[in-house]
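Trainee: Could you take me through a close look at the surroundings of the ligand, and then show me how that part sits within the whole chain?

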Amino acid sequence: MDAPQVIVVGGGGTGGALAHDLVLRGLAMTLLERGELTSGTTGRHHGLLHSGGRYAVNDPESAVECIAENRILRRIAPGSFEENGGLFVALTDEDMEYLPRFLAGCAACGIPTRELTVDQALSLEPGLNPALKAAVWVPDATMDAMRLVVLIDASLRGEPGSLSVRRVEPHPATPATWSHHLDPEALADLAEALYGAAPPMVLVSVAAGSFARDDRLSVPLRRALPEVVEAVAGVITGRPSV
Ligand SMILES: Cc1cc2nc3c(=O)[nH]c(=O)nc-3n(C[C@H](O)[C@H](O)[C@H](O)COP(=O)(O)OP(=O)(O)OC[C@H]3O[C@@H](n4cnc5c(N)ncnc54)[C@H](O)[C@@H]3O)c2cc1C
(Lines give C-alpha, C1' and ligand atoms only; values in the text may rest on other atoms or scores of the structure.)
Protein backbone atom coordinates (compact mmCIF):
# COMPACT_ATOMS: atom_id res chain seq x y z
CA MET A 1 0.00 0.00 0.00
CA ASP A 2 1.16 3.56 -0.65
CA ALA A 3 1.81 5.91 2.26
CA PRO A 4 -1.46 6.58 4.11
CA GLN A 5 -3.43 9.47 2.72
CA VAL A 6 -5.19 10.08 6.01
CA ILE A 7 -4.23 9.45 9.62
CA VAL A 8 -7.10 9.19 12.09
CA VAL A 9 -6.13 9.67 15.73
CA GLY A 10 -8.37 7.90 18.25
CA GLY A 11 -10.20 4.61 17.94
CA GLY A 12 -13.51 5.55 19.56
CA GLY A 13 -16.88 5.93 17.87
CA THR A 14 -15.83 9.09 16.04
CA GLY A 15 -12.46 7.82 14.78
CA GLY A 16 -13.82 4.35 14.02
CA ALA A 17 -16.74 5.68 11.99
CA LEU A 18 -14.49 8.15 10.18
CA ALA A 19 -11.99 5.39 9.34
CA HIS A 20 -14.79 3.16 8.06
CA ASP A 21 -16.15 5.95 5.88
CA LEU A 22 -12.72 6.80 4.46
CA VAL A 23 -12.07 3.17 3.51
CA LEU A 24 -15.45 2.95 1.79
CA ARG A 25 -14.46 6.03 -0.22
CA GLY A 26 -11.30 4.24 -1.35
CA LEU A 27 -8.84 6.32 0.68
CA ALA A 28 -5.82 4.74 2.31
CA MET A 29 -5.86 5.52 6.01
CA THR A 30 -4.20 4.53 9.24
CA LEU A 31 -5.97 4.70 12.58
CA LEU A 32 -3.80 5.39 15.64
CA GLU A 33 -5.13 4.48 19.09
CA ARG A 34 -3.03 4.86 22.22
CA GLY A 35 -4.92 2.15 24.12
CA GLU A 36 -7.44 -0.48 23.10
CA LEU A 37 -10.08 0.37 20.49
CA THR A 38 -13.14 1.93 22.22
CA SER A 39 -11.19 2.22 25.48
CA GLY A 40 -12.17 5.89 25.85
CA THR A 41 -15.63 7.37 26.29
CA THR A 42 -17.13 5.09 23.65
CA GLY A 43 -16.65 1.98 25.77
CA ARG A 44 -18.63 3.65 28.54
CA HIS A 45 -21.71 4.93 26.72
CA HIS A 46 -25.17 3.95 27.92
CA GLY A 47 -26.42 2.80 24.54
CA LEU A 48 -29.12 5.42 24.08
CA LEU A 49 -29.94 6.26 20.46
CA HIS A 50 -31.02 9.87 20.94
CA SER A 51 -34.07 11.20 19.13
CA GLY A 52 -32.84 14.73 19.83
CA GLY A 53 -35.79 15.48 22.11
CA ARG A 54 -33.59 16.58 24.97
CA TYR A 55 -31.97 19.25 22.80
CA ALA A 56 -35.11 20.38 20.93
CA VAL A 57 -35.67 23.60 22.90
CA ASN A 58 -32.20 24.74 23.93
CA ASP A 59 -30.00 23.37 21.15
CA PRO A 60 -32.11 22.86 18.00
CA GLU A 61 -29.05 22.44 15.79
CA SER A 62 -27.95 19.36 17.77
CA ALA A 63 -31.54 18.12 17.88
CA VAL A 64 -31.80 18.21 14.08
CA GLU A 65 -28.48 16.32 13.80
CA CYS A 66 -29.67 13.74 16.34
CA ILE A 67 -32.89 12.86 14.55
CA ALA A 68 -31.10 12.71 11.19
CA GLU A 69 -28.44 10.34 12.63
CA ASN A 70 -31.14 8.37 14.42
CA ARG A 71 -32.83 7.67 11.07
CA ILE A 72 -29.55 6.83 9.31
CA LEU A 73 -28.48 4.39 12.03
CA ARG A 74 -31.82 2.57 11.98
CA ARG A 75 -31.43 2.20 8.22
CA ILE A 76 -27.80 1.04 8.08
CA ALA A 77 -27.74 -1.09 11.22
CA PRO A 78 -31.16 -2.71 11.45
CA GLY A 79 -31.49 -5.18 14.29
CA SER A 80 -28.96 -3.36 16.46
CA PHE A 81 -31.59 -1.35 18.31
CA GLU A 82 -34.36 -2.15 20.70
CA GLU A 83 -37.24 0.01 19.50
CA ASN A 84 -38.36 0.84 23.01
CA GLY A 85 -38.86 4.58 22.44
CA GLY A 86 -38.27 7.22 25.08
CA LEU A 87 -40.59 9.11 27.40
CA PHE A 88 -40.34 12.71 28.55
CA VAL A 89 -42.41 12.96 31.70
CA ALA A 90 -43.92 16.00 33.44
CA LEU A 91 -44.06 15.73 37.24
CA THR A 92 -44.55 19.35 38.35
CA ASP A 93 -46.54 22.43 37.32
CA GLU A 94 -43.33 23.92 36.04
CA ASP A 95 -42.86 20.84 33.80
CA MET A 96 -46.43 21.32 32.52
CA GLU A 97 -45.65 24.94 31.59
CA TYR A 98 -42.64 23.68 29.63
CA LEU A 99 -44.71 21.05 27.75
CA PRO A 100 -45.97 23.31 24.87
CA ARG A 101 -42.45 24.63 24.28
CA PHE A 102 -41.10 21.09 24.26
CA LEU A 103 -43.72 19.92 21.73
CA ALA A 104 -43.18 22.98 19.53
CA GLY A 105 -39.40 22.53 19.69
CA CYS A 106 -39.65 18.88 18.64
CA ALA A 107 -42.02 19.74 15.80
CA ALA A 108 -39.67 22.48 14.55
CA CYS A 109 -36.75 20.02 14.55
CA GLY A 110 -38.70 17.24 12.81
CA ILE A 111 -38.77 14.96 15.86
CA PRO A 112 -42.00 12.94 15.98
CA THR A 113 -43.82 13.06 19.33
CA ARG A 114 -46.90 11.38 20.75
CA GLU A 115 -48.69 12.70 23.84
CA LEU A 116 -49.70 9.81 26.08
CA THR A 117 -52.31 9.67 28.79
CA VAL A 118 -51.07 8.92 32.30
CA ASP A 119 -52.49 5.39 32.03
CA GLN A 120 -50.79 4.78 28.68
CA ALA A 121 -47.45 5.97 30.06
CA LEU A 122 -47.76 3.80 33.16
CA SER A 123 -48.70 0.73 31.16
CA LEU A 124 -45.65 1.30 28.93
CA GLU A 125 -43.36 1.85 31.92
CA PRO A 126 -44.88 0.72 35.23
CA GLY A 127 -41.79 1.95 37.08
CA LEU A 128 -42.73 5.61 36.43
CA ASN A 129 -43.80 7.88 39.28
CA PRO A 130 -47.61 7.34 39.40
CA ALA A 131 -48.04 11.07 40.20
CA LEU A 132 -46.91 12.04 36.69
CA LYS A 133 -49.01 14.71 34.99
CA ALA A 134 -48.12 14.18 31.32
CA ALA A 135 -45.87 12.05 29.16
CA VAL A 136 -44.57 12.46 25.63
CA TRP A 137 -43.20 9.55 23.58
CA VAL A 138 -40.22 10.20 21.27
CA PRO A 139 -38.33 7.81 18.96
CA ASP A 140 -35.35 7.13 21.23
CA ALA A 141 -34.03 3.57 21.13
CA THR A 142 -31.51 1.42 22.92
CA MET A 143 -28.40 0.31 21.11
CA ASP A 144 -26.78 -2.91 22.13
CA ALA A 145 -23.22 -2.95 20.84
CA MET A 146 -22.90 -6.58 21.88
CA ARG A 147 -25.82 -7.88 19.82
CA LEU A 148 -23.38 -8.93 17.14
CA VAL A 149 -19.62 -9.34 17.41
CA VAL A 150 -17.73 -9.35 14.13
CA LEU A 151 -14.15 -10.59 14.41
CA ILE A 152 -11.84 -9.80 11.51
CA ASP A 153 -8.55 -11.62 11.32
CA ALA A 154 -5.69 -12.53 9.03
CA SER A 155 -5.37 -16.24 8.61
CA LEU A 156 -2.29 -18.38 7.98
CA ARG A 157 -4.32 -20.93 6.06
CA GLY A 158 -5.69 -20.69 2.53
CA GLU A 159 -4.86 -19.00 -0.75
CA PRO A 160 -3.60 -15.44 0.05
CA GLY A 161 -6.48 -13.01 -0.29
CA SER A 162 -9.17 -15.70 -0.02
CA LEU A 163 -12.00 -14.91 2.33
CA SER A 164 -14.04 -17.02 4.71
CA VAL A 165 -17.03 -15.96 6.81
CA ARG A 166 -18.41 -18.24 9.50
CA ARG A 167 -20.44 -18.17 12.67
CA VAL A 168 -18.58 -18.83 15.89
CA GLU A 169 -20.14 -21.29 18.32
CA PRO A 170 -18.84 -21.48 21.91
CA HIS A 171 -16.39 -24.30 22.39
CA PRO A 172 -14.13 -24.88 25.42
CA ALA A 173 -10.44 -24.17 24.90
CA THR A 174 -8.05 -27.06 25.05
CA PRO A 175 -5.17 -26.48 27.52
CA ALA A 176 -2.85 -26.01 24.54
CA THR A 177 -4.82 -22.95 23.38
CA TRP A 178 -4.87 -21.20 26.77
CA SER A 179 -2.47 -18.49 25.68
CA HIS A 180 -2.54 -15.59 23.27
CA HIS A 181 -3.60 -18.25 20.74
CA LEU A 182 -7.04 -18.38 22.36
CA ASP A 183 -9.43 -18.89 19.46
CA PRO A 184 -12.84 -17.22 18.90
CA GLU A 185 -14.73 -20.36 19.95
CA ALA A 186 -12.89 -20.37 23.27
CA LEU A 187 -13.60 -16.63 23.73
CA ALA A 188 -17.31 -17.28 23.18
CA ASP A 189 -17.14 -20.15 25.66
CA LEU A 190 -15.44 -17.88 28.19
CA ALA A 191 -18.21 -15.27 27.77
CA GLU A 192 -20.80 -17.97 28.45
CA ALA A 193 -18.96 -19.15 31.55
CA LEU A 194 -18.52 -15.60 32.90
CA TYR A 195 -21.84 -13.99 31.93
CA GLY A 196 -24.14 -16.92 31.24
CA ALA A 197 -24.47 -15.98 27.54
CA ALA A 198 -22.30 -15.40 24.51
CA PRO A 199 -23.28 -12.80 21.90
CA PRO A 200 -23.75 -13.91 18.29
CA MET A 201 -20.26 -13.89 16.79
CA VAL A 202 -19.13 -14.01 13.18
CA LEU A 203 -15.52 -14.49 12.09
CA VAL A 204 -14.40 -12.82 8.86
CA SER A 205 -11.03 -14.31 7.99
CA VAL A 206 -8.70 -13.34 5.16
CA ALA A 207 -5.76 -15.55 4.24
CA ALA A 208 -2.69 -13.34 4.47
CA GLY A 209 0.01 -13.15 1.83
CA SER A 210 2.77 -12.42 4.30
CA PHE A 211 3.21 -12.02 8.04
CA ALA A 212 6.51 -10.20 7.67
CA ARG A 213 6.89 -7.08 9.79
CA ASP A 214 5.76 -4.22 7.57
CA ASP A 215 3.37 -1.31 7.46
CA ARG A 216 1.87 -2.38 4.15
CA LEU A 217 -0.66 -4.99 3.15
CA SER A 218 0.46 -7.72 0.74
CA VAL A 219 -0.86 -7.35 -2.82
CA PRO A 220 -3.43 -10.21 -2.54
CA LEU A 221 -4.77 -8.76 0.70
CA ARG A 222 -5.00 -5.31 -0.80
CA ARG A 223 -6.97 -6.73 -3.71
CA ALA A 224 -9.27 -8.56 -1.31
CA LEU A 225 -9.98 -5.46 0.80
CA PRO A 226 -13.18 -4.32 -1.01
CA GLU A 227 -14.53 -7.88 -0.70
CA VAL A 228 -13.70 -7.89 3.04
CA VAL A 229 -15.45 -4.55 3.56
CA GLU A 230 -18.46 -5.85 1.61
CA ALA A 231 -18.51 -9.09 3.64
CA VAL A 232 -18.42 -7.22 6.96
CA ALA A 233 -21.17 -4.85 5.82
CA GLY A 234 -23.19 -7.89 4.74
CA VAL A 235 -22.79 -9.55 8.13
CA ILE A 236 -23.89 -6.38 9.95
CA THR A 237 -26.93 -5.83 7.78
CA GLY A 238 -27.76 -9.56 7.71
CA ARG A 239 -27.45 -9.80 3.93
CA PRO A 240 -25.55 -13.04 3.24
CA SER A 241 -26.36 -16.32 4.97
CA VAL A 242 -23.24 -17.35 6.86
C1 LIG B 1 -21.14 7.83 30.98
C2 LIG B 1 -21.43 8.20 29.53
C3 LIG B 1 -22.58 7.73 28.93
C4 LIG B 1 -22.88 8.06 27.61
N5 LIG B 1 -24.01 7.57 27.03
C6 LIG B 1 -24.30 7.88 25.75
C7 LIG B 1 -25.47 7.34 25.13
O8 LIG B 1 -26.22 6.59 25.75
N9 LIG B 1 -25.73 7.68 23.84
C10 LIG B 1 -24.89 8.50 23.13
O11 LIG B 1 -25.17 8.77 21.96
N12 LIG B 1 -23.77 9.03 23.69
C13 LIG B 1 -23.46 8.72 24.98
N14 LIG B 1 -22.34 9.26 25.56
C15 LIG B 1 -21.46 10.10 24.75
C16 LIG B 1 -20.61 9.22 23.82
O17 LIG B 1 -20.14 8.07 24.52
C18 LIG B 1 -19.44 10.02 23.29
O19 LIG B 1 -19.93 11.16 22.64
C20 LIG B 1 -18.61 9.23 22.28
O21 LIG B 1 -18.25 7.95 22.78
C22 LIG B 1 -17.37 10.01 21.92
O23 LIG B 1 -16.61 9.22 21.02
P24 LIG B 1 -15.21 9.72 20.56
O25 LIG B 1 -14.70 8.71 19.57
O26 LIG B 1 -15.31 11.14 20.11
O27 LIG B 1 -14.31 9.74 21.89
P28 LIG B 1 -13.62 8.51 22.64
O29 LIG B 1 -14.46 7.28 22.64
O30 LIG B 1 -13.18 9.01 23.98
O31 LIG B 1 -12.38 8.20 21.71
C32 LIG B 1 -11.19 8.96 21.70
C33 LIG B 1 -10.04 7.97 21.59
O34 LIG B 1 -8.85 8.67 21.31
C35 LIG B 1 -7.80 8.04 21.97
N36 LIG B 1 -6.71 9.02 22.08
C37 LIG B 1 -6.74 10.19 22.75
N38 LIG B 1 -5.57 10.84 22.57
C39 LIG B 1 -4.83 10.06 21.74
C40 LIG B 1 -3.53 10.22 21.18
N41 LIG B 1 -2.77 11.31 21.43
N42 LIG B 1 -3.06 9.23 20.39
C43 LIG B 1 -3.81 8.12 20.12
N44 LIG B 1 -5.05 7.95 20.62
C45 LIG B 1 -5.55 8.92 21.42
C46 LIG B 1 -8.39 7.61 23.30
O47 LIG B 1 -7.67 6.54 23.90
C48 LIG B 1 -9.81 7.20 22.88
O49 LIG B 1 -9.93 5.80 22.65
C50 LIG B 1 -22.00 8.92 26.87
C51 LIG B 1 -20.84 9.40 27.50
C52 LIG B 1 -20.56 9.05 28.80
C53 LIG B 1 -19.31 9.58 29.45
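Mentor: Let us begin with a term: a residue is near a molecule or strand if its C-beta atom, placed from the backbone, lies within 6 Å of it. Please keep in mind that this is a predicted model, in which local features need pLDDT of at least 70, side-chain atom pairs count only at pLDDT 80 or more, and totals for chains, interfaces and linings use all residues. Residues are numbered from 1 along each chain as its sequence is written.

There are 21 residues around the ligand, and those that come nearest are Gly10, Gly12, Gly40, Thr42 and Leu48. Helix H1, residues 13-24, gives the largest share of this shell, with 3 residues; helices here are DSSP runs of H or I with at least four residues, strands are runs of E with at least two, and both are numbered from the N terminus. Sorted by class, the shell holds 15 polar residues, 3 nonpolar and 3 charged, where Ala, Val, Leu, Ile, Met, Phe, Trp, Tyr, Cys and Pro count as nonpolar, Asp, Glu, Lys and Arg as charged, and the others, Gly among them, as polar.

Turning to the whole chain, we find 6 helices and 11 strands, and the C-alpha trace spans about 70 × 45 × 35 Å along its principal axes. The domain assignment, whose bounds come from an automatic or database source, gives domain 1 (1-46), domain 2 (48-143) and domain 3 (146-242). The centres of domain 2 and domain 3, taken over C-alpha atoms, are separated by 38 Å.
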